[in-house]
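Work through the exercises below with the structure on screen. Each task is followed by a solution in steps.

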Amino acid sequence: MSEKDFNVTDSQKALMELLVSRTLRKHGVQKGKHDLSEKEKANLKETLKYLQEQSNKLMQSENSITEKDVNPRTNIYEGDK
C-alpha cells in the first residue's frame, strides 16, 4: 500500500466516531436537544478548539522529520534529547 492510498486522518476520524458513539450509547445519551447553559456551551467550544489545535500540532510534528533528524551512524531517529 502506497502512502497516497493510506489516509491517517480518515482512519483516525472513523475510530474516534466509533469510540464516541459507543461511549455515549453506554451512558444512555440519545440524540435530541440537551440543555446546556451559555457558559457550558462556551466552555465546550473552547475545549474543542484547544483539542483541535493540539491535534494539528501533533500531526505537523510527526510529519516534519528530515534526514537531519536521523543519526547518520545508526540510521535511527532519536528525537529531541
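A residue is called buried under 20% relative accessible area, exposed over 50% and partly exposed in between, with a 1.4 Å probe and only protein chains counted. The model is predicted, so local features need pLDDT of at least 70 and side-chain atom pairs pLDDT 80 or more, while totals for chains, interfaces and linings use all residues. Residues are numbered from 1 along each chain as its sequence is written, and side-chain values use heavy atoms, without hydrogens or water.

**Exercise 1. Classify N75 as buried or exposed, and state where N75 sits.**

Step 1. Helices (H or I, at least four residues) and strands (E, at least two) are DSSP runs, numbered from the N terminus. N75 belongs to the loop between β1 (70-71) and β2 (76-77).
Step 2. The relative accessible area of N75 is 63%, so N75 is exposed.
Step 3. N75 is not a glycine, yet its phi is positive, at about 55°.

**Exercise 2. Give the order of the elements in the protein chain and the share of buried residues.**

Step 1. The chain has two helices and two strands. From the N terminus on, they run α-α-β-β.
Step 2. Of the 81 residues, 2% are buried.
Step 3. The chain exposes about 8,400 Å², and 53% of that comes from carbon and sulfur atoms. Such areas come from the Shrake-Rupley method with a 1.4 Å probe; for residues, only the protein chains shown count as cover.

**Exercise 3. Find which side chains meet in a salt bridge.**

Step 1. The criterion is a side-chain nitrogen of Lys or Arg within 4 Å of a carboxyl oxygen of Asp or Glu.
Step 2. K41, at 36%, is partly exposed.

**Exercise 4. State how much space lies in the largest pocket and which helix gives the most to its lining.**

Step 1. On a 1 Å grid over the protein atoms alone, a pocket is an open set of points where a 1.4 Å probe fits, with protein on both sides within 12 Å along at least five of seven lines; lining residues have an atom within 4 Å of a point. Points are joined across faces, edges and corners, and the volume is the space filled by probe spheres set on them.
Step 2. The largest pocket holds about 570 Å³. It is lined by 13 residues, and K13, M16, L51, Q52 and S55 are the closest to its centre.
Step 3. α1 and α2 each supply at least two lining residues; α2 gives the most, with eight.
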